[in-house]
Amino acid sequence: MLEIKNLNKVYPNGLHALKNVSFNVPQGEFLVVIGLSGSGKSTMLRCVNRLHDVSGGEILFNGVDTTKLKGKALREMRANIGMIFQHFNLIPRKTVLQNVLSGNLSRTGIFKSILGMYTKEDKERAMKYIEIVGLKGKEKNRADALSGGQQQRVAIARALMQNPKILLADEPVASLDPATSHSVMQYLKKVNEELGVTVICNLHFLSLVRQYAHRVVALKGGVLIYEGKPSEINEQWFKTIYGEDAVEVTIN
Ligand SMILES: Nc1ncnc2c1ncn2[C@@H]1O[C@H](COP(=O)(O)OP(=O)(O)O)[C@@H](O)[C@H]1O
Ligand SMILES: [Mg+2]
């Protein structure tokens, strides 16, 4: 579904954040990207959904090189790619339902969205996704009245509104406590398994990786240094990825 070939990203200040990164993501996979802070994980996701322009290489989405798309074709491609962030990025004073409905922006259009002109079908879909992320009954609550984990689940439901083929998650549990982290990861897993949405998720903790990832790629200094099953990351690989002094911690 996604083929990343010799991807390079050089920031305007000259920082070479991704160096000839290549890997494939088959449809339906739950892929986790790991690496130290600054290794290039966020940059990679931002290149995939074209929040950043790439400096070289190709990103093929179902065979189409997305790095060259502009205008309408770019917007159409982007509608297939949902994204969730570490800090949720909800509209705090709006309700859960309004936040989820706003995820349909790429299809509703900004004008109708501002006026709150959603169709009955939009509302039914929003309620369906709110139920999928376990928040039924909370649709009228204000987003900022929810716990962090619940807010991230609203963000997942909002991303689902655009019917994404791929969901990109940039350290979605980095602001959450361990128990809540598992809950959010379980809902991501559910979205992956039950709705068939391909997931690419940046994560910090290897213990979560071992529980949720089908496959892992690791970045170090912008270079892809590991690609394989989570179970194949032994102590040697762990030290290569995170440094000699790193110790694996488990979140229960
Ligand atoms: N907008 C930017 N301009 C210049 N350098 C950046 C920018 N964003 C990130 N970087 C740098 O690119 C490298 C990779 O960053 P990032 O992709 O955020 O890593 P990660 O998500 O793995 O922590 C880091 O050295 C970071 O400082
Ligand atoms: Mg990051």
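Me: Is F88 buried or exposed, and why?

Reply: A residue counts as buried if 20 or more other C-beta atoms lie within 10 Å of its own. In this predicted model, F88 has 23 other C-beta atoms within 10 Å, so F88 is buried. Its place is in the loop between strand 6 (81-84) and helix 3 (96-101).

Me: Is N89 buried or exposed?

Reply: The cut-off for exposed is 12 or fewer such atoms. N89 has 12 other C-beta atoms within 10 Å and is therefore exposed. N89 also lies in the loop between strand 6 and helix 3.

Me: What is phi of F88 and of N89?

Reply: For F88, phi is near 70°, a positive value in a residue other than glycine. For N89, phi is near 55°, again positive and again in a residue other than glycine.

Me: How many residues of the chain are buried, as a percentage?

Reply: Of the 252 residues, 41% are buried.

Me: What does the radius of gyration say about the chain?

Reply: A compact globule of 252 residues would have a radius near 18 Å; the chain has 18 Å, so the two agree. Its C-alpha atoms fill a box of roughly 55 × 45 × 35 Å along the principal axes.

Me: Which element gives the most to the shell around ligand 1?

Reply: Helix 1 (residues 41-48) does, with three residues. The residues around ligand 1 include Y11, N13, G35 and K41. By class, the shell has three nonpolar, eight polar and one charged residues.

Conventions:
Residues numbered from 1 in each chain as written. Chains lettered and ligands numbered in written order. Predicted model: local features only at pLDDT ≥ 70, side-chain atom pairs only at ≥ 80, totals over all residues. Near = placed C-beta within 6 Å. Helix = DSSP H or I, 4+ residues; strand = E, 2+ residues; numbered from the N terminus. Nonpolar A, V, L, I, M, F, W, Y, C, P; charged D, E, K, R; others polar. Rg over C-alpha atoms; globule rule 2.2 N^0.38 Å.
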